[in-house]
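Here is a short report on a pocket and on charged side chains. Have the model open in your viewer as you read along.

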Amino acid sequence: MAKGFTSTVDSSTPKAKGSLPPALDAESIQQQWQEHFAGLQDPRGRKGVEHPFLSIVMIAILAVIGGASGWEDIETYAESHAAWLSSLLSLPNGVPKADTYRRLFERMNPDALERCFLSWVQQIVEISGAQVIPIDGKTIKGSYDRNAKQSALHVVSAWSSEHRLLLGQVKVARKSNEITAIPALLKLLDISGCIITLDAMGTQKEIAREIIGYKADYVLCLKANHPTLAAEVKAWFEQAEAANFTGIEHSYEQRVESGHHRREHRQVWAVPVAVMGTLHQIDQWEGLNTIVMVKRVRTLWNKTTQQVSFYLTSLPCDAAQIGRAIRTHWGIENQLHWVLDVTWGEDRSRIRRGHGGENMALLRRLAISLLNQETSRKRSLKQKAKRAAMCPDYMLTVLAAGLPA
């Protein structure tokens, strides 16, 4: 019989806050997580293999949940919890060294690892749903290699801001950009009935057509990469605002939000595209229903700034709904990209050989998603990660929170 997780939680007593749910004992957690990663192929040859493949993968996942940012960190975590891990996993030769993790993840197919990740995500999404899906790219700045003439790794991620959950990730190929990566990412996801939000790089006619083809809606930021249309939309809204939108069919919403020593006054005007007259190539945007102007006036302690943005959307003319989708888009920056850099130090990561950088990037995003699902403790992700690194029982609680009830 394969080794399973062990826990000190007594199932005959009431569960304390933060302990394992009654329906999920340690062994069932282990079995379910190993099922998710059972489809991975071991890239190593048969000779000289000292450590079981899935044991190495599971230790890396646990360590990254605990805040590990590199191979040496994973080794340190494993050595610190060697006795617990030996009861948890098959480790006939003790815990692996840093080079073992490095060699394995440099050679492991990142597409296969992502498929395993998505098998877990799909269960969460089926239960909770994902209505607004921001898609955005991030460059891992430290992953470039000047000597090998290798550019920095750039990945495009789909994020559920409502559930703080990564839905998918695609690497941007060399000598390419997000425009080619976004369609590949959309193919991985079930976006039917969802709202896809994209910044200006993703504002492309073909991408809009694909989103509509998947029976989803879009909100696309309109900027200078479509100069003629952007200039015409800006001029139209300036004239309409000067006339106070008198006699023009439109929807309007305003909100004032305060926090973190700043105050933001946000106004949203949504206008049906049909009432805006002839605009440059407007009929080539599949499913386009509404064009939107958003004004943001932000007051800080020492200055006031104003920003005006324009959007194309297939949603009906409802400023409140569209405004919520636009605000939700920034969740991928605040809840994912910022956390990756501040808590996991992703921009400083020098992992760059083989598939190591891409695989580690996916492990970080898996860790963030798992820690977000654990809600028994109202703490920052940084504090949750530290607790998971120190306390094996809490690590099991984090894993259990990522499994369907």
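In this predicted model, the largest pocket is lined by 18 residues, and Glu257, Arg262, Glu264, Arg298 and Asn334 lie nearest its centre. Strands S6 (251-259), S7 (262-272) and S8 (290-299) each give two or more residues to that lining, as do helices H10 (319-329) and H11 (331-342). Helices (H or I, at least four residues) and strands (E, at least two) are DSSP runs, numbered from the N terminus. The volume of the largest pocket is about 700 Å³. A pocket here is an open set of points on a 1 Å grid over the protein atoms alone, where a 1.4 Å probe fits, with protein on both sides within 12 Å along at least five of seven lines; lining residues have an atom within 4 Å of a point. The volume is the space filled by probe spheres set on the points, which are joined across faces, edges and corners.

What classes of residue make up the lining of the largest pocket? Nine are charged, seven polar and two nonpolar. Asp, Glu, Lys and Arg count as charged; Ala, Val, Leu, Ile, Met, Phe, Trp, Tyr, Cys and Pro as nonpolar; and the others, Gly among them, as polar.

Now to the charged pairs. The whole structure holds 18 salt bridges, each being a side-chain nitrogen of Lys or Arg within 4 Å of a carboxyl oxygen of Asp or Glu.

Lys234 and Glu238 are about one helical turn apart, because four residues separate them in helix H9 (residues 227-242). Lys234 is partly exposed at 42% relative accessibility, and Glu238 is partly exposed at 45%. Buried means under 20% relative accessible area, exposed over 50%, and partly exposed in between (1.4 Å probe, protein chains only).

Glu264 is buried at 10% relative accessibility, whereas Arg298 is partly exposed at 34%.

Both Glu346 and Arg365 are buried. They also belong to a salt-bridge network with Lys138, Asp341, Asp347 and Arg364.

Residues are numbered from 1 along each chain as its sequence is written, and side-chain values use heavy atoms, without hydrogens or water. Local features need pLDDT of at least 70 and side-chain atom pairs count only at pLDDT 80 or more, while totals for chains, interfaces and linings use all residues.
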